[in-house]
Amino acid sequence: MIEGVTLETFRGDYEALESIVREFPNAALYHNNLAWLAARSARRLDDALRHAQRAVELMPDHAGHLDTLAEVHFQRGARDEALRLEKRALELDPDSKTFQLQLERFEKG
């Protein structure tokens with residue numbers, strides 16, 4: 001979870017990103033960023049799932065977007081799906097220390 005993020009800060013950041021997503025609905029990056037903010041803040045996880053899935057739909061072989069979708073699933077308690085997605089992200093970017101650490105965190109549960 002993102003340390004020190006108040007509900008007020010989260011809401012402001014979320015609303016700003018949500019506005020950008022509405023303006024650019026086919027921009028995977030913005031869907032991904034919105035999903036990451038929500039997942040790492042452990043807030044609005046249903047919306048995070050929808051946005052992460054959209055990012056992956058738009059760019060299915062983007063390791064970073066798969067990592068975000070994995071994080072959302074992990075935050076929602078779907079550990080097996082998080083592991084599957086993180087392994088796929090690592091297949092696409094095997095040298096990523098970030099993805100390796102994520103996988104270890106998901107494995108520990």
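Let's start with the aromatic pairs: this predicted model has 3 of them, where rings of Phe, Tyr and Trp (its six-membered ring) pair if their centres lie within 6.5 Å, and planes under 30 degrees apart count as stacked, over 60 as edge-to-face and the rest as tilted. One of them joins Phe 24 and Tyr 30, a tilted pair with 6.0 Å from centre to centre and 40° between the planes. Phe 24 is partly exposed, because its relative accessibility is 40%, and Tyr 30 is partly exposed as well, at 28%. Here buried means under 20% relative accessible area, exposed over 50%, and partly exposed in between (1.4 Å probe, protein chains only).

Arg 43 sits over the face of Phe 10, 5.4 Å from the ring centre; the rule asks for NZ of Lys or CZ of Arg within 6 Å of the ring centre and within 35 degrees of the ring normal.

Now head inside. The largest nonpolar core holds 27 residues, and Tyr 14, Leu 69, Val 72 and Phe 106 touch the most other members. Such a core is a set of buried Ala, Val, Leu, Ile, Met, Phe, Trp, Tyr and Cys residues joined through side-chain atoms within 4.5 Å. Helix 4 gives the largest share of this core, 6 residues. Helices (H or I, at least four residues) are DSSP runs, numbered from the N terminus. As for Tyr 14, leaving out neighbours within four places in sequence, its contacts (heavy atoms within 4.5 Å) are Leu 34, Leu 37, Ala 38, Arg 44, Asp 47 and His 51.

So what about helix 4 as a whole? Of its 13 residues, 12 are buried, so the helix is mostly covered. Those buried residues pack against helix 2, helix 3, helix 5 and helix 6. From first C-alpha to last, helix 4 reaches 18 Å, close to the 18 Å expected at 1.5 Å a residue (1.5 Å times one less than the number of residues). Gly 77, with a positive phi near 90°, follows helix 4.

Take His 73, which lies in helix 4. Is His 73 buried or exposed? His 73 counts as buried because its relative accessibility is 12%. Beyond residues up to four places away in sequence, His 73 touches Leu 49, Ala 78, Glu 81, Ala 82 and Leu 85.

A last word on the ground rules: residues are numbered from 1 along each chain as its sequence is written, and side-chain values use heavy atoms, leaving out hydrogens and water. Local features need pLDDT of at least 70 and side-chain atom pairs count only at pLDDT 80 or more, while totals for chains, interfaces and linings use all residues.

Note on methods: Helices (H or I, at least four residues) and strands (E, at least two) are DSSP runs, numbered from the N terminus.
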